[in-house]
Amino acid sequence: MNRILVWDWPVRIGHWLLAGAFVLAWLTGDSETWRLVHVWAGGAVVGVVLFRLLWGLVGTRYARFASFVRGPGAVKAYFLGLFRHTLAEQPGHNPAGGWAIVALLSLGLLSGASGWLIYQDIGGEWLEELHETLASTMLAMVIVHVIGVLTGSLAHGENLVRAMFTGMKRGDADAAIAGARPLAVPLLLTCAATCAWWLAR
Ligand code: HEM
Ligand code: HEM
């Protein structure tokens, strides 16, 4: 087994930008003083998610939804393998993680959309309640996600968090992605900044 590139630059930078923006939005949600920071951070969450949806269609091999959004059978087989310690190595996201990713991206979009409606004075108290519920559900999902990542790291004997920084995992040479696609990073950053600016108007 070699160390091969599996996560391109947009996936890695997008991930840590999404995580940072989410935490900032979460921490500033309650405060009037920090409202502008809140809507910028929330807007950045939306921008990263929109870019990620596009990247899930045209990105590198393991970034594509088609490579990690799998049916219930694959998820069940993954959990059985986890309990029986018979998991096979796999370069991309595992089937359980794949659904956590779909949930995180959806919740990011819905939290952002509901927050924007409130900011435009559309909807009433119910929408504020909904916004808070969506944000809390996303936080719960993040906690499940981090527990999943740590469990996966132990089960595979591989530091998956480090892989989200370096892009490298163990694998066969022919399973590597062809390139890290740095040229798509400015597009990601533009998307995040434009959404942050637009949603905060
Ligand atoms: C705080 C909010 C966070 C959000 C919203 C979030 C969201 C996501 C998303 C959407 C992905 C899929 C990446 C992609 O394919 O583009 C992902 C993967 C990943 N995240 Fe997070 N994440 C968060 C925090 C964290 C933290 C704190 C860690 C480290 C402990 C972490 C570690 C990872 C790892 C290692 C993967 C790749 C998992 C794999 O190997 O399949 N995430 N995360
Ligand atoms: C997507 C990430 C986001 C998260 C995690 C998030 C989270 C939160 C949280 C936890 C609160 C506090 C709710 C409460 O205790 O009443 C809040 C309030 C608020 N958020 Fe967000 N938010 C996000 C995005 C946005 C966006 C994009 C906007 C606007 C463009 C926005 C506008 C607001 C407003 C106006 C409030 C105050 C509502 C009230 O008066 O109760 N949020 N948000």
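**Exercise 1. The shell around ligand 2**

How many residues surround ligand 2, and which are the closest?

*Solution.* The structure is a predicted model. Step one is the count: ligand 2 is surrounded by 24 residues, of which Gly29, Gly42, Ser111, Gly115 and Ala135 are the closest. Step two assigns the shell to elements: two or more residues come from each of α1 (9-28), α2 (35-58), α5 (95-119) and α6 (125-156). The largest share belongs to α5, with 7 residues. Step three sorts the shell by class, giving 12 nonpolar, 9 polar and 3 charged residues.

**Exercise 2. The shell around ligand 1**

Determine which residues are closest to ligand 1 and which element gives the largest share of its shell.

*Solution.* Ligand 1 has 22 residues around it, and the closest are Ala19, His93, Ile101, Leu160 and Met164. At least two shell residues are supplied by each of α1, α5, α6 and α7 (160-166). The largest share, 7 residues, is that of α1. By class, this shell around ligand 1 holds 16 nonpolar, 5 polar and 1 charged residues.

**Exercise 3. The largest nonpolar core**

Identify the members of the largest nonpolar core that touch the most other members, and trace the contacts of alanine 21.

*Solution.* The core has 36 residues, and those touching the most other members are Ala21, Ala44, Val45, Val48, Ala192 and Cys195. Two or more core residues come from each of α1, α2, α5, α6 and α8 (185-199). Helix α2 provides the largest share, 10 residues. For alanine 21, neighbours within four places in sequence are set aside; the contacts are then Ala41, Ala44, Val45 and Val48. In soluble globular proteins, nonpolar side chains tend to be buried together.

**Exercise 4. Helix α4 and the residue after it**

Compare the span of helix α4 with the expected value, and describe the residue that follows.

*Solution.* Helix α4 covers residues 72-84, 13 residues in total. From its first C-alpha to its last, α4 reaches 18 Å, close to the 18 Å expected at 1.5 Å a residue. Next comes histidine 85, with a positive phi near 55°.

Note on methods:
Residues are numbered from 1 along each chain as its sequence is written. Chains are lettered from A and ligands numbered from 1 in the order in which they are written. This is a predicted model: local features need pLDDT of at least 70, side-chain atom pairs count only at pLDDT 80 or more; totals for chains, interfaces and linings use all residues. A residue is near a molecule or strand if its C-beta atom, placed from the backbone, lies within 6 Å of it. Helices (H or I, at least four residues) and strands (E, at least two) are DSSP runs, numbered from the N terminus. Ala, Val, Leu, Ile, Met, Phe, Trp, Tyr, Cys and Pro count as nonpolar, Asp, Glu, Lys and Arg as charged, and the others, Gly among them, as polar. The expected span of a helix is 1.5 Å times one less than its number of residues. A nonpolar core is a set of buried Ala, Val, Leu, Ile, Met, Phe, Trp, Tyr and Cys residues joined through C-beta atoms within 7 Å. A residue is buried if 20 or more other C-beta atoms lie within 10 Å of its own, exposed if 12 or fewer, and partly exposed in between; C-beta atoms are placed from the backbone. Two residues are in contact if their C-beta atoms, placed from the backbone, lie within 7 Å.
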